[in-house]
Amino acid sequence: MRKQLKKFAQFTALSSLLVLSACGGDQAAGDKEEQSGGGTVKADIGVISYISGPGAAYGEAITNGLKLAQEEINSKGEVEINLVIEDSAGKQDQALTAAQKLMNSENVTGIIGPTLSTEMNVVGPEADLNGVPIMGTSTTAEGIPQIGDYVFRNSLPEALAIPAAIDKAIEKYDAKKVAILYGNDDVFTKSGFDTMKKAAEEKGLEILTIETFQKGQSDYNAQLTKIKGLNPDLILASALYNEGAVIMDQARKMGIDVPFVGGNGFNSPEVINIAGDAANGLIVATPWYGEKEDEKVQDFVSKYEEEYSKKPDQFAAQAYDALYIMAEALKNAGEADRDALRDALAEVQGFNGILGEFSFDKEGDVVMDPTVLVIEDGAFKVFE
Amino acid sequence: MLAELINPYHLQVASFILINIILGVSIYITLSTGQLSLANAGFMGIGAYTSALLTLNFDLPIIVGILAGTLMAGLFGIIIGIPTLRLQGVYLAIVTLGFGEVIRVIFVNWESLTKGAVGLSGIPHMGREILKTLKGFGFDPKVFGLQNNQFVFLTIFLLLLVITISIIMFFRRQNRSRVGRAFAAIKLDEKAAESMGINITYYKVLAFAQGALVAGFAGTLFAHVLAYISPADFAYHRAVEILIFAVFGGSEVIWGPVFGALFLTVMPEVLRFISEYRYMIYGLIIIIMMAVRPQGLIDVNILNWIKLKTSKRRQKHGTSSQKSM
């Protein structure tokens, strides 16, 4: 009998703890009122971002970009956006609970994020099922917008970026033989590799060898020695910048001086900081080029530098544009309604942001022309 | 009325708590024979992948996948358990940690089957499948005034609650049976236990296999609640996380890891309002805990104290034979 009582007490304690934890977020839910009469559309937009943990730099750039855009949009007065930012810590289950909180407790109209494609794989279907439009700003893996009608992205997918970079490199260096090097234990680099291999095969390049490495590896001499012996015209490397920079450094020391073509994760000024001169000859395709002679771009760069005292990267730029796209859609929808927002998002065509001209295709994927960059003399330049 | 009280967010958190509690129980079982095994994340992965692949590729019902995944993990538990249990203490921890990594590397490299690091998506979702089946019988959650997604998460939560309670009850009973006494004897002194006629190898492998079985079971539930798994979910971090449940809550009594899992899963959610600082607080709490109570928060003394408090009214006091372990 006493046992039973104790068990009962245990679970009462459990459930009351749950209820306690619930109390935190509930107040905010009430004040989302749409006010379409006065001309301004007020909306809560949820943000799921990777702001604690090893990848926190991505989340920081994204939230900075969003906040900057929010300020500008709200000051214009047509749309008033309230950002509700939640942390996912880069974990799928955390991202999912954050999304549930935004959708059910905060009653947001739309969601921006999450940061990683793995998180989107979990959050996307749930948002789609609940009918909440969700837009990834950094999810580049294949198959993300295909999750459902409510899932969008404005980040340039690898499937557009990598072929563009390879094309330009072939043209310039008349490349015929390539070696591929990729990290096989990371979703990002693995998916980048799949795209690279497909692109190389389509363009009729001869793939001499496919070498793999693991996250955090520090010695790439075995793979590079093999690649050197095969004498490729180009090296396609699907790596994140931390490993990628080390690879380039070791390759140059070994006397491999052919150009590298990298994916989106390789595209970071950090490569130059880590590898120095060895980084010269890295070709990447990117939606974002901060030196572009464009008023909007320069405006954004100077504002961002003023606010956060560092240069914006592509994640900040993509997030900035994403909120503008959301605002545009909200304005067209005329009210803070989830379904109306989805329909308006799907109709966004020829949007002119800091990344260039942008449209969604039928599935909610990106239509735009990437810029191909190359590192020369320690700086990113447009690759001609 | 009911509909307003049910928030899928809270139910989602509760579901993860329950899965983590099951994982906490799985490490408690092996710890209760004094063996420190860090292979639980690997077993969880085996369970999750087995069930996900079966339901994805052969359209089997989820329940079959869950059973198969659980049994597969248990089988691996026996296979791994027999040779490795000759090792003790830190050596066993190293070997089992290695095993977990091997499993992860296999998931990463067996691309034709597991899709490598990209992971498996579109795994049948437990709650949604139940809803679909019920709808087939003409049932509509609107009868209770619930929306579809509220109903989905409510069923998952209730199902997991029942499962978790059953698992805890089972192991509490086992602890007071011959098996449990043997486990406790082995934990205290292996040589003495052997000289008393306890078959050490049998009981150690049994505990190890039970731990694997339960971890695999939690893995299958994880796969069907999240609907997406990737090898990174079952890496070294997960093994440590599971261990922390036991370290934090205490591993002497089953309520220790249960409480550890509950507290450590709720914490990051409660602390959401401080956003990027929450994991610092979380870390701080764990450090303070370890400094102040290295044996874990819940141990026999605490339980007795709670019992004393609750039974004072009846003028009784807990004797050692009624110790609920």
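1. A word on the source comes before anything else. This is a predicted model, so please read every value below as computed from that model.

2. Let me start with chain B as a whole. Chain B is built with 15 helices and 2 strands. Its C-alpha trace extends about 60 × 55 × 45 Å along the principal axes. The radius of gyration of chain B is 21 Å, which agrees with the value near 20 Å that a compact globule of 325 residues would have.

3. Next, the interface between the two chains. On the chain B side 48 residues are in contact with chain A, and on the chain A side 42 residues take part. Together the two chains bury about 4100 Å², and carbon and sulfur atoms give 58% of that area. Within chain B, the residues that lose the most area to chain A are Tyr9(B), Tyr228(B) and Arg272(B), which together make up 14% of what that side buries.

4. If you like to look at polar partners, there are several here. Between chain B and chain A, 9 residue pairs are in polar contact, counting pairs with both residues at pLDDT 80 or more. The rule also finds 3 salt bridges across this interface.

5. Which helices of chain B each supply at least two residues of the side that touches chain A? They are H2 (8-31), H5 (89-109), H8 (148-175), H12 (236-249), H13 (255-270), H14 (278-292) and H15 (300-311). H2(B) gives the largest share, with 9 residues. Sorted by class, this side of chain B holds 23 nonpolar, 11 polar and 14 charged residues.

6. How do the two domains of chain A touch? From domain 1, 8 residues are in contact with 11 residues of domain 2. The area buried between these domains of chain A is about 890 Å², with 55% coming from carbon and sulfur atoms. On the domain 1 side, Glu142(A), Leu156(A) and Gln314(A) lose the most area to domain 2, together 52% of what that side buries.

7. What does the rule find there in the way of salt bridges? It finds 0 across the interface of domain 1 and domain 2 of chain A. The side of domain 1 that touches domain 2 of chain A has 4 nonpolar, 3 polar and 1 charged residues.

8. Finally, two backbone details in chain A. Most residues other than glycine have a negative phi, and most peptide bonds are trans. The peptide bond from Gly113(A) to Pro114(A) is cis, with omega near -10°. Pro114(A) sits in the loop between strand S3 (110-112) and helix H4 (117-130) of chain A. Ser309(A), a residue other than glycine, has a positive phi near 45°. You will find Ser309(A) in the loop that joins helix H10 (295-308) and helix H11 (314-333) of chain A.

Technical notes:
Residues numbered from 1 in each chain as written. Chains lettered and ligands numbered in written order. Predicted model: local features only at pLDDT ≥ 70, side-chain atom pairs only at ≥ 80, totals over all residues. Heavy atoms only, no water. Contact = heavy atoms within 4.5 Å. Buried area = accessible area lost by both parts, 1.4 Å probe. Salt bridge = Lys/Arg side-chain N within 4 Å of Asp/Glu carboxyl O. Polar contact = N/O pair within 3.5 Å; in protein donor to acceptor, adjacent residues only side chain to side chain. Helix = DSSP H or I, 4+ residues; strand = E, 2+ residues; numbered from the N terminus. Nonpolar A, V, L, I, M, F, W, Y, C, P; charged D, E, K, R; others polar. Rg over C-alpha atoms; globule rule 2.2 N^0.38 Å.
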